[in-house]
Amino acid sequence: MALSRLIINNFRNLTSVDLELSHGFNFLVGENGSGKTSLLEAIFYLGHGRSFKSHISNRIIHYDYDHFVLHGRVDEAKHHWSVGLQKSRQGDTTLKINGEDGKKISDLAHLLPMQVITPEGLTLLNGGPSYRRAFLDWGLFHQYPEFYAHWANLKRLLKQRNSALAQVRSYAELKVWDIELVKLAQIVSQMRANYAEALRPEIEKTCQFFLPELEISVSFHQGWEKGADYAEILANSFERDRGIGYTMVGPQKADFRFRANGLPVEDVLSRGQLKLLMCALRLAQGEYLVAQKDRQCLFLIDDFASELDPTKRALLAERLRQSGSQVFVTAITKDQLSQMQWQEQDNDRLFSVVKGQITPLE
Ligand SMILES: Nc1ncnc2c1ncn2[C@@H]1O[C@H](COP(=O)(O)OP(=O)(O)O)[C@@H](O)[C@H]1O
Ligand SMILES: [Mg+2]
C-alpha cells in the first residue's frame, strides 16, 4: 500500500502541487521555509483529518484562500482508492473515498497507516504520557478493528463523568455510570497491556540495532494500581475527583515508559540518542503492523539528518530500505542523499522544493 499520486491546493504555502510518487523513497530537498514540512503535514492530514502541527485548521489554509484541497491515490496490490479531503475557513470538511461522500475520518485513517518522525516528535520520549498512549493506541487502532469503538466510548464516558462530577451530591448518583466506565476501562487497558507486551520484543530488537550500547527496557502502566479494583478506586476517590472537577485515576492516565540501563531515557540520553530511540520505536511499531496485518505503513521523516551523525543516518536508511516501506524524507541539501543510500537506478524519487513549488529532479 502506497500513496502513488498527491494533489495539494492551498495548503500552507503549497498552492498547487501535483506529484507522482515513488512506492519506495521520496526525497524532498529545499531551503528553510520552502514547504518541505508542509508537504509531510499534508500527507499526514490526508491520513488523519488533522495536522501534526496545528490544531487550528485556519492556520493551515493558505492566507489568500478560503479552503484547501488534498487528493491522494492509494495503491494496494489489487485495489486502489482515491481519497479527497477539503476544508474551508468556515470549518466545513468534505471527505470522499472513491467518490463516495459521508465517510468518517477513521475510515481514512484505516486506509493510510503512517508513522511520523519529526524533530518535535521527541515528545514521545520527553513529553507527557499522552504522547505514549497515542503511540500504543495507534497500533491498537490499526491492528484491532474493535478497539476504536471501545476507546471512543471510554473517552465519551469519562467526559460525561467529569461534567457530572460538578452536579451530583453523592457518589450513589454517579455509581450507575461508573459500571459501564469500569467495564470499558478494563477492556481498553487489557488490550493496551497485551499489545505493549507483544510489541516489547520488537522494540528491544530494533533498539539493539540502533543503540547497541544501551539496554532499553519498556513498561506499561495502566493508569491505576496494578491488581487493584478500579470500581473501588473510583468510589474512594469520589470526593477528591469532585473537588478538582475531573477523574484523576484511570486509563486516561496510562503510560508506556522507556528506560535505558534502568534509568528514564529522557534523563540520560543525548538528543541524538533520543532521536534514534524514537526512530527505533516508530520503525518497530510500523514493521510489527506490516508483519501482523500484511499492510504497509508509510514513514514521514522530517529533517532526516538533524541530530544524527553519518553512521547513524546510514543505519536509519538501511533499516528503512529493509522495511520495503514507502518513505518520505526531507533534507536541506542534496549531499545528504548519499547517506540515505540514494539509488538512481531504482525507483527512488527526488523533488526540489522552492517557495512552495515542488518539482521532480531526474
Ligand atoms: N497558512 C499559510 N499560508 C501561506 N503560507 C504559510 C502558511 N502557513 C505557513 N506558511 C509558510 O509556509 C512556508 C513553509 O514552511 P515549512 O513547510 O515549514 O518549510 P520547511 O519545512 O521547508 O522549512 C513557510 O515560509 C511559512 O511561513
Ligand atoms: Mg521543516
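Predicted model: local features only at pLDDT ≥ 70, side-chain atom pairs only at ≥ 80, totals over all residues.
Residues are numbered from 1 along each chain as its sequence is written, chains are lettered from A and ligands numbered from 1 in the order in which they are written, and side-chain values use heavy atoms, with hydrogens and water left out.

**Around the ligand**

| Residue and its atom | Ligand 1 atom | Distance |
|---|---|---|
| Ser 34, backbone N or O | oxygen | 3.2 Å |
| Thr 37, polar side-chain atom | oxygen | 2.7 Å |
| Ile 61, polar backbone atom | nitrogen | 2.9 Å |

Taken alone, ligand 1 exposes 580 Å², and the protein buries 76% of that (accessible areas by the Shrake-Rupley method with a 1.4 Å probe).

**Two loop residues**

His 62 sits in the loop between helix H1 (36–48) and strand E4, and E4 itself covers 67–75. Helices (H or I, at least four residues) and strands (E, at least two) are DSSP runs, numbered from the N terminus. Is His 62 buried or exposed? With 14% relative accessibility, His 62 is buried; buried means under 20% relative accessible area, exposed over 50%, and partly exposed in between (1.4 Å probe, protein chains only). Leaving out residues up to four places away in sequence, His 62 touches Asn 10, Arg 12, Asn 13, Thr 15 and Arg 89, where touching means heavy atoms within 4.5 Å.

Lys 78 is in the loop between E4 and strand E5 (80–88). This lysine is exposed, at 78% relative accessible area. Its C-alpha atom is 30 Å from that of Leu 281, 203 residues away along the chain.

**The cysteines**

How many disulfides does a search of the whole structure find? It finds 0, a disulfide being a pair of cysteine sulfur atoms within 2.5 Å. Cys 279 has its closest cysteine sulfur in Cys 207, 11 Å away, so that is too far for a bond. For Cys 297 the closest is the sulfur of Cys 279, at 13 Å, again too far. Cys 279 is buried at 1% relative accessibility, and Cys 297 is buried at 1% too.

Note on methods: Polar contact = N/O pair within 3.5 Å; in protein donor to acceptor, adjacent residues only side chain to side chain.
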